[in-house]
Each structure stands twice: as structure tokens, then as C-alpha cells.
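User: Please take me through this model by question and answer, with the cut-offs behind each term.

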Amino acid sequence: MLSKYYKYLPWVILDAFVSYGAATHYAHFTWNVLWLPLNFIEFYALALGTALLLAALNVYFRDMQHIWEVLMQVFFYATPIIYPLSLVTEKTNNPIFAKIMLLSPPAQIIQDIRHNLIAPDTTPTVWKEISNWGIRLIPVALTFFILWLGIHIFRKYSQKFAEVL
């Protein structure tokens, strides 16, 4: 059965070399890549906490899904995903807005992933931009608070889901 796919093997190997060449040409890989699993664990914790919280809220409040769609659009454009964080500093001429944006857990996680994977020298992160350790830990603390809150609310109300639906 696999024999019919062997004809594609040279193209897969060629694609792997081209992808590797493009990645090493545009990205500056360092040992910071080893921090990526922690970034993904933090991202997973944030997503899981948000999903559990929204799942419980959506059972009791039917309009929550429509409100969440609007909020998701706002969060998407408020988080530097499709634009660099340096653009905020350039457009506002004030670095305080970029620092405030870094206190958001999704923005902090995205910037950390960019820093560890693509450009460690030029990507601003909460760890480089803010000198106070207490303030640096706000996005991480918020992430795990959202995870705890999501688990707590979901466990508390999940026994009554069938009755409410």
C-alpha cells in the first residue's frame, strides 16, 4: 500500500531541504529554541482555561457565543499577531503602550515564541522591556489564574449541564 507513495519521496526530501534553507536564511536560531515547549505549555494552559470557562458560561448564557465572537475579533487585533509590536511604538511615539500590551497573556506568549524561534535580538518581550520582576510575572500569573478559574467553574457547574440543557 505504501509503495504507491514512494514516487513522492524525492519531492518530500527536496521540500525538506528547501524549507530548512528558507528557515535558516530568514530566522536566527539560537539555544532559545529549547524554551519553546514552555511557551506552548503556557499557551495550552491559557487556551484550556478559556475553553473550559466559555463552555460553562455558554450552557447558562446562550448569547455568550455571539459576544465571544466579537471579543475574539477585538483580542485578535489587540494582540500583536499579524503586526510587530514595534509598530505600536512607532505609530504612538510612546513605548508605554507596547509595554501595556505585553502584559496581556496572549501577547506575551506570542512575543516569547517569536523571540525564541525567529529573532531573539530584535523581538521585544516582557522579560526584556520591563525591569520589575513582579510586573513581568503578571501575564504568566493571569494565564494560570484563567486556567484555575476555568477548571473551578467547569467542575462546579458541570453536574447541572444536562438539567439546564
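Analyst: Contact here means heavy atoms within 4.5 Å, and helices (H or I, at least four residues) and strands (E, at least two) are DSSP runs numbered from the N terminus. This is a predicted model, in which local features need pLDDT of at least 70 and side-chain atom pairs count only at pLDDT 80 or more, while totals for chains, interfaces and linings use all residues. Residues are numbered from 1 along each chain as its sequence is written, and side-chain values use heavy atoms, with hydrogens and water left out.

User: Which residues of H5 does H4 meet?

Analyst: Helix H4 covers residues 85–92 and helix H5 covers residues 95–102. On the H4 side the contact uses Leu 85, Val 88, Thr 89 and Thr 92, and the residues they meet in H5 are Pro 95, Phe 97, Ala 98, Met 101 and Leu 102.

User: How many nonpolar residues are in the contact of H4 with H5?

Analyst: Ala, Val, Leu, Ile, Met, Phe, Trp, Tyr, Cys and Pro count as nonpolar, Asp, Glu, Lys and Arg as charged, and the others, Gly among them, as polar. The residues of the contact of H4 with H5 include no charged and two polar ones, and the nonpolar ones number seven.

User: At what angle do H4 and H5 pack?

Analyst: Two packed helices are described by the angle between their axes and the distance between the axes. Axes are lines fitted to C-alpha atoms, for helices over the stretch in contact, and angles run from 0 to 180 degrees between N-to-C directions. The axes of H4 and H5 lie 7 Å apart, and the angle is about 145°.

User: What is the phi of Asn 93?

Analyst: Asn 93 sits in the loop between H4 and H5, where it is exposed with a relative accessible area of 68%; buried means under 20% relative accessible area, exposed over 50%, and partly exposed in between (1.4 Å probe, protein chains only). Most residues other than glycine have a negative phi. Asn 93 is not a glycine, yet its phi is positive, at about 55°.

User: Why is the protein described as more spread out than a compact globule?

Analyst: The protein has ten helices and zero strands. The radius of gyration is taken over C-alpha atoms, and the globule rule is 2.2 Å times the number of residues to the power 0.38. For 165 residues that rule gives 15 Å, and the protein is more spread out than a compact globule because its radius of gyration is well over this, at 21 Å.

User: What box do the C-alpha atoms of the protein fill?

Analyst: Of the 165 residues in the protein, buried residues make up 26%, and among contacts with a separation of 6 or more, 66% come from residues 24 or more positions apart. Taken along the principal axes, the box filled by the C-alpha atoms is roughly 60 × 55 × 25 Å.

User: How far does H2 reach from its first C-alpha to its last?

Analyst: The expected span of a helix is 1.5 Å times one less than its number of residues. Helix H2 (residues 36–60) has 25 residues, for which 36 Å is expected, and its reach is close to that, at 37 Å.

User: Which helices do the buried residues of H2 pack against?

Analyst: The buried residues of H2 include Leu 36, Glu 42, Leu 46, Gly 49 and Val 59. The helices that the buried residues of H2 pack against are H3 (64–78), H6 (105–117), H9 (138–157) and H10 (161–164).

User: What is the handedness of the crossing of H2 and H9?

Analyst: The axes of H2 and H9 come within 8 Å and cross at roughly 35°, and the residues that meet include Glu 42 and Tyr 60 in H2 and Pro 139 and Tyr 157 in H9. By class this contact has 18 nonpolar, four polar and one charged residues. A crossing is left-handed if the near helix is turned anticlockwise from the far one by less than a right angle, and right-handed if clockwise; that of H2 and H9 is left-handed.

User: Is Gln 108 buried or exposed?

Analyst: Gln 108 is found in helix H6. Leaving aside its neighbours within four places in sequence, Gln 108 is in contact with Glu 42, Leu 102, Val 126, Trp 127, Pro 139 and Val 140. With a relative accessible area of 0%, Gln 108 is buried.
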